[in-house]
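The paragraphs after it start from one pair of residues and then widen the view.

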Amino acid sequence: MATPPGAAGGNFEAPPPPPMQPPGTDMTGICFRDQLWLNTYPLDRNLVFDYFALSPLYDWTCNNEQLRMRSIHPLDLSQLSKMTGMEYMLSEVMEPHLFVIRKQKRDSAEKVTPMLAYYILDGSIYQAPQLCNVFAARVGRALYYILKAFTTAASKLEKIGYVDTENESETVEPKGGKEAIDFREVKRVDHILASLQRKNLFCS
């Protein structure tokens, strides 16, 4: 079986790295897939990192790349634990469909700080969204529907109309013995809804 370029254990010249991404760049909108590589090599736990290194999501300054240059498997924990800095770890594997790679900062052999996560699903590589971004999206969607509900309620209240100011103190008794409607209360509720709608617009 052919050995993929960059695989540990072979002599190779590393291709020039892609343009460096500034730290913290959100690349969740990127999907990378190399069908030629997938048709040539098996996607398993031994070669998945070499495939991941082809994508623009890969940080060429990581410790794993230093191991690759020394012909050591890039996921060798016994070697990574002796280094400090940015590194990638294979955290979840469901061959051959799903691989989860975690980017983390290593300060010592025992201390690591998770930074980002990436997943390879059926050969397509994605950056997993951060938890804060997921919460922000969910809250934003909830606020949208709350605002929409307030707008609908306010428009329905406007259809009821208002009485003249000199008749505001009067309570109208509808026919048929139904419960009386206090238009002062209707006006007060309408005012509250309008205020909440304005605050929501200013906060968005």
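The side chains of Lys103 and Asp59 are joined by a polar contact of 3.4 Å (a pair of N or O atoms within 3.5 Å, where, within protein, one must be able to donate a hydrogen and the other to accept it, and residues adjacent in sequence count only if both atoms are side-chain atoms). This is a predicted model, in which local features need pLDDT of at least 70 and side-chain atom pairs count only at pLDDT 80 or more, while totals for chains, interfaces and linings use all residues. Residues are numbered from 1 along each chain as its sequence is written, and side-chain values use heavy atoms, with hydrogens and water left out.

Lys103 belongs to strand β2, residues 98–106 (strands are DSSP runs of E with at least two residues, helices runs of H or I with at least four, numbered from the N terminus). Leaving aside residues up to four places away in sequence, Lys103 touches, among others, Asp59, Glu87, Tyr88 and Tyr118 (contact means heavy atoms within 4.5 Å).

Glu87, one of these neighbours of Lys103, is found in strand β1 and is buried, at 0% relative accessibility. Its side chain makes polar contacts with the side chain of Gln104 at 2.6 Å and with that of Arg106 at 2.9 Å.

The strands themselves form an open sheet of four, in the order β1-β2-β3-β4 with antiparallel pairing (two strands pair if DSSP finds at least two bridges between them). Because β1 (85–94) and β4 (124–127) each have a single partner strand, they stand at the edges, and one side of each is left without a neighbour in the sheet. Between β2 and β3 (residues 112–121) the antiparallel pairing runs over nine bridges, and Lys105 has Thr113 in β3 as its bridge partner.

Turning to the nonpolar residues, the largest core has 24 of them, and those with the most contacts inside it include Leu43, Tyr88 and Ile120 (a nonpolar core is a set of buried Ala, Val, Leu, Ile, Met, Phe, Trp, Tyr and Cys residues joined through side-chain atoms within 4.5 Å). The elements giving two or more residues to this core are α1 (35–40), α2 (48–52), β2 and β3, with the largest share, four residues, coming from α2. A second, separate core of five residues includes Leu67, Ile72, Leu80 and Met83.

Technical notes:
Buried means under 20% relative accessible area, exposed over 50%, partly exposed in between (1.4 Å probe, protein chains only).
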